[in-house]
Amino acid sequence: MTTGVDVREPVRFFLERFGLTDRTLEQIVGGAIARRADYADLYFEFRTVEALGLEDGIVKTASQHVSQGVGVRVVAGDKTGYAYSDDVTVDSLRVASRTAQAIAHEAGETRSVAVRPQRPAHDLYTLPHSPLDTPIADKVELLSRIDVAARRVDPRIKNVLASVAAEQKLVLIVGASGFVVGDVQPLVRLSVTCIAEEGGARQQGSYGGGGRTAFAFLLEQDRSLRFARTAAEQALRNLHAVAAPAGTMTVVLGPGWPGILLHEAIGHGLEGDFNRKKTSAFSELLGQQVASPLCTVVDDGTIANRRGSLNVDDEGTPTSRTVLIEKGVLRGYLQDRLNARLMGLPLTGNGRRESFAHIPMPRMTNTFMLAGESTPEDIIRSVDRGLYAAYFGGGQVDITSGKFVFSASEAYLIEGGRLTAPVKGATLIGHGPEVLKRISMVGNDLQLDEGIGTCGKDGQSVPVGVGLPTVRIDGLTVGGTTA
Amino acid sequence: MTPSLEEVAELLLTEAQRNGATAADVVVAEDETLEVGVRLGEVEKIKQARQKHLGLRAFVGDRSAITSSADFSREALVRLAADTCALARIIAPDPFAGLPAPAELARTQPELDLYDPDVAAVSAETAIEWARAGEQAALDADPRIRNSEGAQCSTSSDRIVYASTLGFRGTYRSSGVSLSVVPIATDNGSMQRDYWYSGQRSLARLDAPAAIGRRAAERTVRRLHARQVPTCDVPVVFDPETASTLVRHLAAAVSGYSLYKGASFLIGKLGERLAPDHVTVVDDGTRVGGLGSKPFDAEGLPTRRTVVVERGVLRSYLFDCYSARKLDARSTGNAARSVASPPSVSPTNLYLEAGTVSPDDIIRSVRRGLYVTELIGFGVNSVTGDYSRGAVGLWIENGELTYPVEEITIAGNLLRMFDGVDAVGNDLEFRHSVCAPTIKIARMTVAGT
């Protein structure tokens, strides 16, 4: 049956599984780093994902997926050669290495590289048991209890769709400088969607969370049942939501997941690749005021057990806490090796990839704004007429024009300093380099999200986190239907 | 000696049955891909790979589980079959689960021209040359194009084997080639990017690189100095690219899964008028060379032509076997799956049939309104049909395209939007598996300043 690999020593795990030795790694990585190449690395991955799904009151889908493979990369200047294979043998590694090397227009000139295993800089999610070790029966029971809890909220809840996924990903990264680093990355996620029905009208609500934790995390502090109730309440509330307003108005964002604002409005625009190529709306704004002085925004991959955290990024660089905006001034970019080298800027530990089949690029980890001094009550009270958005679906950004959207799935009108009617979902749209300048109040209630975010870029998906205190934005366009 | 895909499938079926499976099916796939990227004339990346993977679905009575792996060793396959059956035994029985009725299975496998051997023969050098030519054409098209996110050319060739304990054995090859160009235009403080793209199954159908580059340049330059417009209710014209996203929303709402889950705004609307007479939407899995064509679906049923909306009336939902059983209907041959997922419903080639009006005449019919060329965000609620997305486009005044607009949203409800399709263009092109011509919707809310 599915179990996590008990790995105290991921390096040894890979060597044994694929019949490799330190010597073969030295030959392969030494062979890849040809004379005219700047960098080369090998990325081995072994990943197991187990998922269960509930609908119509029963757990009726179960799946288990195992993937393994190796990616070989050779970098010369701003060129990247990449080859990958799910067949991990010394021969396939040599073939992949030669293919990747084609980019440097030369082959055969091997360098000698001595490999030296090292430990990741952080220890953010070592667990006594992999989430895969929790018996499936326990996971089935959790889903069944979620179904009961959601339906108990109200008889108008007609269907509950819930899924739980547990994952263990083992990676081994061998860099051209000879470092060898391994990591064991657990991940759990629970998602709940409720469908409510009343007099022929239907609505849905969704909620969830997780992290790089043991399965038990979902059971602590009533977490999973709270997710179920929250999804049910959101669906019920939406049944009586009024049409959202249309036009530019004052918007208050609630704490936590609305931090997706930062991810879309500024995070992507500060990724090194777009800034090196000068295709970002933030290109060459380093040191300039891009937000109100109330705003300090960081990207932090080192928070224990968070969904967006990593001990080392997917190029073997230790993750870190990077200040992106300090009191409104643009301070830093998010970097992978290639872009940091070409821009002459420090590594930040943001080189990430979806799998061995993908080339790393600069990506966010956990991106959030530090707390301010206002109370959330005062922020809402300060608005005579506007929109309060408490929860969001996805978002997207056009890096070059800087325009970004994010879609509210739970929102309320603010009238006379109080939250009044719930409004239907609506997309909010703004301009990244401008929107944070319009932040006039920042709450003292910073929250990180529950652990559900997945970021897509150039066809690659990676888990991320966001966070935000309550903030007031003086002017954002709300895409509703009533003028 | 590496076993063939067929041998792997047979072994898995036999092993599943030996472990107590009452039924099982297997998908085994292998593919070969090449991807090159060029930026400002220089090669930026070359990526090459060959991959194989397999997925096994096993039924133990009414219980089922699905597993996938890339490990083709005999020991791994034997263990996978045992694991899959053990996993199936743990979960709840579902009386609707199971393989298709044998009589429904495809008896013949039509030749649909999905594979072009020349695609696999494209070398990295050739792909680089095409990408360079595409990007260069964009850079040469206008002096305001001074930067670029680059051009990409990729090819893929794959073979899929599907086998089940019902005795079905099927295999087909398919190929794909695509070229995209993403220029950046700058002028007086304004910076914009747009793109153009061509993707086909054969080299002969691919647009010329220079034509793709010029089109990308034209789309990018016209976005310079875009601005917001005041909030208003106006007619909205969708270009073919953005109109196809509305057909996608329709596809999600007619999927048997959305219907039985209670998650579609089209529940109970079969036989009802959804749109004016000039709206006909067809799903056709048998189009020769089609990007969404296949000789049989993911459960071994023949693909077919299904009229979803006929002259404005909703005529058919789309089903696989499971969602059809849940709703007492029959599969429409729309089962799709990856090796790692159970079947679900997916359109094949789904398109809004061309009308008789030229896109220019559609624009000319609008006194004041919006021409949409790009949509961003996820603001579509498939349960209610409520629609609110970020938009980019050109403002229409007195029947003419005038200045570019951005940082606006368009909002409405899909039911009212389909009902309000005032005009359907004559410019349908099969550029994607889901496509549409230019359309005009009578009224939507544009939110801006």
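Residues are numbered from 1 along each chain as its sequence is written, while chains are lettered from A and ligands numbered from 1 in the order in which they are written. Because the model is predicted, local features need pLDDT of at least 70 and side-chain atom pairs count only at pLDDT 80 or more, whereas totals for chains, interfaces and linings use all residues.

**Stop 1: the whole model.** Colour by pLDDT, the predictor's confidence in each residue, from 0 to 100. Chain B has a mean pLDDT of 97, and 100% of its residues reach 70 or more. For the model, ipTM is 0.93 and pTM is 0.95.

**Stop 2: chain A.** Show chain A as a cartoon: there are 10 helices and 24 strands. Helices (H or I, at least four residues) and strands (E, at least two) are DSSP runs, numbered from the N terminus. The radius of gyration of chain A is 24 Å, close to the 23 Å that the globule rule gives for 483 residues, so chain A is as compact as a globular protein of that length. That radius is taken over C-alpha atoms, and the rule is 2.2 Å times the number of residues to the power 0.38. Along the principal axes, the C-alpha atoms of chain A fill a box of roughly 75 × 55 × 35 Å. Of its 483 residues, 62% count as buried, meaning that 20 or more other C-beta atoms, placed from the backbone, lie within 10 Å of a residue's own.

**Stop 3: the side of chain B that touches chain A.** Here 59 residues of chain B are in contact with 67 residues of chain A; contact requires C-beta atoms, placed from the backbone, within 7 Å. Among the elements that each supply at least two residues to this side of chain B are helix 2 (74-90), strand 4 (145-164) and strand 17 (400-413). Strand 2 of chain B gives the most, with 10 residues.

**Stop 4: strands across the two chains.** Pairing takes at least two bridges found by DSSP. Zoom in on A:Thr80, whose bridge partner in strand 2 is B:Lys45.

**Stop 5: a sheet in chain B.** Select strands 11-10-9-14-19 of chain B, given in sheet order; they make an open sheet of 5 strands with mixed pairing. Strand 10 (residues 305-310) meets strand 11 in the antiparallel sense over 2 bridges. To finish, pick B:Val309, whose bridge partner in strand 11 is B:Leu314.

Definitions and conventions
Contact = placed C-beta atoms within 7 Å. Buried ≥ 20, exposed ≤ 12 C-beta atoms within 10 Å, placed from the backbone.
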